[in-house]
Amino acid sequence: MSIVVKEVTKQYGSQWALDHVSFEIPKGQIVGFLGPNGAGKSTMMKIITSFIPPSSGSIEVNGLDISDNSMETRRVIGYLPEHNPLYLEMYVREYLSFIAGIYQLSNVRSKVEAMIERVGLGIEAHKKIGTLSKGYRQRIGLAQALIHDPQVLILDEPTSGLDPNQLIEIRGLIKEVGKEKTVMFSTHIMQEVEALCQRTIIINRGKLVQDGETQSLKQLGGQTILQLELDQIVNEKVLSQLPFVLKVNRITDFQWEVVAKGDEDIRIKMADWAASSPYRILTMNVKEQRLEDVFKDLTSAQS
Ligand code: ADP
Ligand code: MG
């Protein structure tokens, strides 16, 4: 296991930012750490990276307890904080050399150049950090997190505030890095975990609410939605009375969403019904269950 989090709590005064959270992340996985704002994501990441101590509970990174081995564990972790404190007056190379110095790396020059290449900073590398766009600053943040070649990467909302093109580029980079490292990254955007990770851990108000395969999360919704277009006006009752139908949503008089329980494909039943009715089906397709809806369900229950 790369990261083992056991019963971690964090209290700020009377507030529980984390409430007995446990999970394990094996080597070489990209894990999405998902939760609404204020859920406790950054707090958990600061604890894993030894920036703040937990109120109780323990964390192991690569088999070492971080409270007894904070120097060793920091060396195997790369961390991109949510509000990455860059030195805006520094030049890109100067800053990365400075970070390499903190880790006491050898061959600093070649490592810095390799990093610039790796994260695609090339054409901007001669500039001052303060003059760069948000997307390039995030690349510097990633370079800073990767320069000591850590086995574990903790990225706190690495794509927030990026425009669509920058977003695609940074996601691509994370995916690339994830081939050889354990990556835990936080986000409040559902599509992000769908695009990037096999596994998703969801927290809400400091509590772990879900931990599993990203694909299987979608089935938690437990419903299939069929989008249906008929050749003539149909009364809602006609559809809602069908035995396999849970409920229907009207889009127009001709277009409906038919909701059924479970993940059964009800298209054949629908076609059979239509064949013995005055209605003809013009289009029919199963609507992809959105992780977003599942997420909403999971995180609104307690609020
Ligand atoms: P997230 O990253 O998921 O948005 P955070 O971990 O930043 O959530 O915050 C979790 C909760 O803890 C929030 O309610 C936040 O206001 C609170 N919190 C975070 N840091 C502090 C702090 N230093 N002092 C007091 N409360 C804090
Ligand atoms: Mg945060």
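Helices (H or I, at least four residues) and strands (E, at least two) are DSSP runs, numbered from the N terminus. The legends below describe a predicted model, in which local features need pLDDT of at least 70 and side-chain atom pairs count only at pLDDT 80 or more, while totals for chains, interfaces and linings use all residues. Residues are numbered from 1 along each chain as its sequence is written, chains are lettered from A and ligands numbered from 1 in the order in which they are written, and side-chain values use heavy atoms, with hydrogens and water left out.

**View 1**
S42 is buried, at a relative accessible area of 15%; buried means under 20% relative accessible area, exposed over 50%, and partly exposed in between (1.4 Å probe, protein chains only). The side chains of S42 and E82 are joined by a polar contact of 2.8 Å. Such a contact is a pair of N or O atoms within 3.5 Å; within protein, one must be able to donate a hydrogen and the other to accept it, and residues adjacent in sequence count only if both atoms are side-chain atoms. Setting aside neighbours within four places in sequence, S42 is in contact (heavy atoms within 4.5 Å) with E82 and D156.

**View 1. I3 in strand β1.**
Here we look at I3, part of strand β1, which covers residues 3-12. Is I3 buried or exposed? I3 is buried, because its relative accessible area is 0%. Not counting residues up to four places away in sequence, I3 touches F23, E24, I25, I48, E60, V152, I154 and M184. For a sense of scale, I3 and K207 are 204 residues apart in sequence, and their C-alpha atoms are 18 Å apart in space.

**View 2. K181 in a loop.**
Now find K181 in the loop between α6 (164-178) and β8 (182-187). K181 has 5% relative accessibility, so this lysine counts as buried. Which side chain does the side chain of K181 meet in a polar contact of 2.7 Å? The partner is D149. A polar atom of the K181 side chain also lies 2.9 Å from the backbone oxygen of P150. Apart from neighbours within four places in sequence, the residues in contact with K181 are G28, Q29, L146, D149, P150 and Q151.

Side chains of opposite charge can pair when their charged atoms come close. A salt bridge is a side-chain nitrogen of Lys or Arg within 4 Å of a carboxyl oxygen of Asp or Glu, and a search of the whole structure finds 13. Let us visit a few of them.

- E124 and K127 form a salt bridge, with the closest N and O atoms 3.1 Å apart. E124 is buried at 13% relative accessibility, whereas K127 is partly exposed at 28%.
- D211 and R199 form a salt bridge, with the closest N and O atoms 2.7 Å apart. D211 lies in strand β10 and R199 in strand β9, so this pair ties together parts that are 12 residues apart in sequence. D211 is partly exposed at 31% relative accessible area, and R199 is buried at 10%.
- E257 and K287 form a salt bridge, with the closest N and O atoms 3.0 Å apart. Because E257 lies in strand β13 (residues 255-261) and K287 in strand β14 (residues 281-287), the pair ties together parts that are 30 residues apart in sequence. E257 is buried, at 11%, while K287 is partly exposed, at 30%.

**View 3. Where domain 1 and domain 2 touch.**
The domain assignment, which is automatic or from a database, gives domain 1 (3-213) and domain 2 (222-301). Their contact takes 11 residues from domain 1 and five residues from domain 2. Between the centres of the two domains, taken over C-alpha atoms, there are 42 Å. About 740 Å² is buried between domain 1 and domain 2, with carbon and sulfur atoms giving 76%; buried area is the accessible area (1.4 Å probe) that two parts lose on being put together, summed over both. On the side of domain 1 that touches domain 2, the elements giving two or more residues are α7 (190-196), β9 (199-204) and β10 (207-213). Helix α7 gives the most, with four residues.
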